[in-house]
Amino acid sequence: MTLIIGYNFRITIEDQMYYDLVEGTTDILTIPFTKDSIFKGDFLTLSPISNPNKHTDFEIIGHVTSVEDKNGTPIKKTMRVKQIVDDSNENVSSAQNHMNYLKAVDKKIDHKLQKLGDKIKSNLITIEEKQRLLNVTNAFLHDLECRREMLDIMNAHEAFEKFKIKLDDEYHLGIAIDEHDRRNDSFNYQISELMKENNTLEKEMDDLNHLKQYISNEIQACEDEINSYSFTIQSRTNQ
């Protein structure tokens, strides 16, 4: 029987006893007497004599009792044991599945961020175009207002008689000015709505980026768990 750090004891036992313990037919382990100190709470790695490379881990859950022969000489030890079910494979499989899910969500977030970014860029182009049209309309409006103010100084009839210049009458200038005012209001409203939409889209992008950072941390945690399991398995194999 050899003391192994991390396992406590590695013991080879009779095949029948090994398989009875593994199958749960019994939970009483009997081994030849050893002076090694074995206590409740220790861990055992048991192997059948016919196949020493096969092994199963157990925990001692009952007090260890020494059995003596009729002369009072200790000949064996008995103890209650419980098989340790290694759920590491299940845990690592769960971590792998969760990581795959997180990566799929992360990919969807990237796609969503791309669409939001494209929409913001499109809105900015539209805003720039609307602003250009607004500037043109403002220039026309300024021209019309100046022409109407000129009519206040010299009306169309007087200008035609003195200078043979035909000016727009105040009525038609008023109609044109009103039309350009409405156009300006429309452009300003459209620009305002597009800017509001961009603000909303940028807020959504910020939220998604925060979520993306959270997912990145979770993926790293899953990878750490998987790597830790792989390291443990490798360490056991090396032992």
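Modeller: Strands here are DSSP runs of E with at least two residues, numbered from the N terminus. This is a predicted model, where local features need pLDDT of at least 70, side-chain atom pairs count only at pLDDT 80 or more, and totals for chains, interfaces and linings use all residues. Residues are numbered from 1 along each chain as its sequence is written, and side-chain values use heavy atoms, leaving out hydrogens and water.

Colleague: Happy with that! Which strand holds Lys77?

Modeller: Lys77 lies in strand 7, residues 74–83.

Colleague: And why is Lys77 called buried?

Modeller: Buried means under 20% relative accessible area, exposed over 50%, and partly exposed in between (1.4 Å probe, protein chains only). Lys77 has 8%, so it is buried.

Colleague: Which residues is Lys77 in contact with, leaving aside neighbours within four places in sequence?

Modeller: Taking contact as heavy atoms within 4.5 Å, its partners include Leu29, Phe33, Asp36, Val64 and Thr65. Thr65 also stands opposite Thr78 in strand 7.

Colleague: How do you know that strand 6 and strand 7 pair?

Modeller: Pairing takes at least two bridges found by DSSP. Strand 6 (residues 65–68) and strand 7 are antiparallel and joined by four bridges, so they pair.

Colleague: What makes Tyr18 and Tyr19 an edge-to-face pair?

Modeller: Rings of Phe, Tyr and Trp (its six-membered ring) pair if their centres lie within 6.5 Å; planes under 30 degrees apart are stacked, over 60 edge-to-face, and the rest tilted. The whole structure has one aromatic pair. The ring centres of Tyr18 and Tyr19 are 5.0 Å apart with planes at 85°, so this pair is edge-to-face.

Colleague: Is Tyr18 buried or exposed?

Modeller: Tyr18 is buried because its relative accessibility is 1%, whereas Tyr19, at 31%, is partly exposed.
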